[in-house]
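Q: I am new to this structure and would like to learn how to read its features one by one. Could we begin with the way helices pack, and then go on from there?

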Amino acid sequence: MIKIYNTMTQKKEIFKAMHENRVKLFVCGPTVYDDSHIGHARTYISFDVIARYFKYRNFSVFYLQNITDIDDKIIKRALQLGVEPVELARKFERRYLEDMHLLGVENVNFYARATEHLPEIIKQIETLIDKGFAYETETGVYFDESRVEDFGKLSRRNVEDLTVHRVNLDKTKRNPGDFALWKKRDEKPVWDSPWGLGRPGWHIEDTAITEEYLGPRYDIHGGGLDLIFPHHEAEIAQMEAVSGEKPMVRYWMHTGFLNVSGEKMSKSLGNFITIRDLLKEYEPEVFRFFVLSTHYRSPIDFSESALEQSKNSLERIYKLVETINERIKADISQPNQEDDISQKNQEDDISQKNQKDDISQLNQKDVDYNNKLRDAKNKFLKAMDNDFNTPDALSVIFNFIRDINRGINNGDISKNVLIEVKKFLMEVGDILGFDFSRKTGADDKTTDLVEVMVEIREKLRERKDWELSDLIRSKLRDLDIILEDK
RNA sequence: GCCAAGGUAGCUUAGAGGCGAAGCGGUGGACUGCAGAUCCACUACACGUGAGUUCAAAUCUCACCCUUGGCUCCA
């Protein structure tokens with residue numbers, strides 16, 4: 001069973017879906033006024049893995065994300081650049097989706113734009129007014145925070161503490177903490193509404209969208225830590241007032257911040273890194289590994305050396321898969337028993353299964369390694385079940401890798417076991433979002449050319465012409481082609 | 001001030017009452033024509049400080065020190 005840390009209760013809870021094995025997941029998307037940064041990437045990679053793991057655990061996941069494409073920041077930015085706000089929003093939305101694709105974040109089922117849900121937004125506001133939770137003034141429609149007794153339950157705040165901070169206090173509001181549902185505006189872009197021309201407030205789009213696609217109550221709502229207050233608090237107040245049903249969300253999940261060299265990332269500090277800049281320097285999978293090497297709720301510190309470490313660690317896994325591929329390919333003497341091997345990916349007991357199927361083919365070493373494999377699999381799942389503890393899960397994998405490498409060195413592992421090991425590693429890759437059977441990145445002609453060079457070098461080595469063969473190796477290395485002798 | 005999250009080996013991170021973790025880095029060894037990869041060993045007396053509870057504390061309790069974040073723009 002999967003345990004999830006719930007921000008609402010501040011405890012790990014056993015996950016129980018509302019409807020059998022279906023998970024309804026909503027994660028707050030970006031406001032598309034600029035290129036997304038590596039903090040966004042951290043959050044969305046984390047939830048990508050969470051969605052992947054639910055699927056692996058046989059849940060049917062509906063993962064919904066909103067796109068905030070109308071907002072003061074967008075308008076301000078568009079004004080600076082002299083473009084239409086809608087144009088600007090579409091451009092950065094497109095770039096956001098490109099970034100996500102490059103990062104291998106591909107489990108969102110549906111992206112919902114705020115501007116395409118104006119009827120739903122207006123309907124929710126009307127309901128809130130009808131029920132007495134919202135009121136209209138000359139400047140807009142506001143949510144009456146004083147009507148909600150448990151306001152602040154997610155962030156554990158007293159409403160009284162919050163009144164001090166507001167800078168531009170709108171005098172038409174009843175309470176300083178009341179937030180805008182509808183902003184009356186004249187300058188475009190504006191939409192028509194029962195309260196005249198204007199734009200929706202920030203919080204209402206999410207509840208309008210989630211009610212539309214997920215209903216008034218659903219399983220999981222995620223986002224960055226910074227959204228807890230006021231955004232998620234406002235969402236709870238709105239949705240629970242609209243529907244009269246509680247709780248709006250059963251599990252609240254929040255990702256920790258990404259800092260850069262120990263400091264908060266911000267434009268003013270000049271340490272603001274966009275995903276596009278990141279990907280000029282590092283492979284997407286290296287960044288993904290970096291993200292997963294820290295628990296999703298913990299703060300994570302981005303630095304060049306941390307990324308170097310991630311790169312080297314990841315290399316260790318790739319190397320093993322490569323080695324296994326070569327061993328399997330080289331070992332043609334043993335017939336392939338792959339047809340026997342179950343496609344089921346849960347913790348099925350491989351050693352018992354094989355023993356039953358064909359006990360004569362297995363020696364004691366195979367049994368031992370199959371036990372190690374089963375053990376690693378169980379531990380990996382246990383770590384992931386425990387609030388998606390990817391660092392723990394990775395350490396299980398590295399322990400397993402050392403065992404397997406030792407076995408390969410000693411010649412203790414049969415081809416059949418290696419096939420199973422590879423299958424497991426590929427499965428792990430699917431869950432975490434890595435392709436461990438890495439493509440070379442070279443075209444066919446290049447590959448052929450390298451093959452020719454290798455062949456020539458082998459001849460030279462047979463003749464013990466170390467000088468020339470080393471020269472070939474070092475020249476190839478200059479071209480980023482690494483040659484390693486067995 | 002209020003609300004959080006932390007301080008674990010040189011670095012990055014797990015763990016959360018008993019069996020000393022993982023990766024990275026460094027050093028030495030095995031293997032190799034050399035190199036790389038891999039393995040082994042060391043680095044290593046790991047848990048911020050001081051008390052307390054307990055047969056037993058990184059883990060629970062209290063106090064203190066330090067770091068970071070949030071407190072109506074935010075992933």
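A: Let us begin with what an axis is: a line fitted to C-alpha atoms, for helices over the stretch in contact, and the angle between two axes runs from 0 to 180 degrees between N-to-C directions. Please keep in mind throughout that this is a predicted model. In the case of α1 and helix α14 (residues 415–432), the two pack at an angle of about 130 degrees, and their axes are 7 Å apart.

Q: Why does that angle make α1 oblique to α14?

A: Angles under 35 degrees count as roughly parallel, over 145 as roughly antiparallel and 65 to 115 as roughly perpendicular, while the rest are oblique; the angle of about 130 degrees therefore makes α1 oblique to α14. On the side of α1 the contact is made by V49, R52, Y53 and Y56, and on the side of α14 by E427, D430, I431 and L432. Sorted by class, the residues of this contact are five nonpolar, no polar and three charged.

Q: How are α2 and α3 placed relative to each other, roughly parallel or roughly perpendicular?

A: The axes of helix α2 (residues 72–81) and α3 come within 8 Å and cross at roughly 105 degrees, and the two helices are therefore roughly perpendicular to each other. Where they meet, I74, I75, R77, A78 and L81 belong to α2, whereas P85, L88 and A89 belong to α3. By class, this contact of α2 with α3 has seven nonpolar, no polar and one charged residues.

Q: Turning to sheets, what is the order of the strands in the open sheet of five strands?

A: The general idea is that strands of a sheet pair through backbone hydrogen bonds, either parallel or antiparallel. Here the open sheet has the order β5-β4-β3-β10-β11, with parallel pairing. The edges are taken by β5 (110–113) and β11 (249–255), each of which has a single partner strand, so one side of each is left without a neighbour in the sheet. Ignoring direction, neighbouring strands of this sheet are turned by 25 degrees against each other on average. Within it, strand β3 (residues 22–27) and β10 pair in the parallel sense over three bridges, and L25 stands opposite I220 in β10.

Q: Which helices lie on this sheet, and which strands do they touch?

A: One of them is α1, which lies across β3, β4 (60–67), β10 and β11 and runs at about 160 degrees to β4. Helix α3 (residues 85–102) also packs on the sheet, where it touches β4 and β5, and its direction makes about 165 degrees with that of β5.

Q: Where can I look for antiparallel pairing?

A: Strand β7 (residues 140–143) and strand β8 (residues 180–184) run antiparallel and are joined by three bridges, with A180 in β8 as the bridge partner of Y142. On β8 there is also an antiparallel pairing with strand β9 (residues 198–200), again over three bridges, in which K183 stands opposite R199 in β9.

Q: Finally, how many residues are around RNA strand B, and which come nearest?

A: A residue is near the strand if one of its heavy atoms lies within 4 Å of it. There are 51 residues around RNA strand B, of which K73, W202, D226, L227 and S313 come nearest, and by class they are 10 nonpolar, 22 polar and 19 charged.

Q: Which part of RNA strand B lies within 4 Å of the protein, the sugar and phosphate or the bases?

A: Of the atoms of RNA strand B within 4 Å of the protein, 67% belong to sugar or phosphate and the rest to bases.

Definitions and conventions:
Residues numbered from 1 in each chain as written. Chains lettered and ligands numbered in written order. Predicted model: local features only at pLDDT ≥ 70, side-chain atom pairs only at ≥ 80, totals over all residues. Heavy atoms only, no water. Nonpolar A, V, L, I, M, F, W, Y, C, P; charged D, E, K, R; others polar. Pairing = 2+ DSSP bridges. Helix = DSSP H or I, 4+ residues; strand = E, 2+ residues; numbered from the N terminus. Contact = heavy atoms within 4.5 Å.
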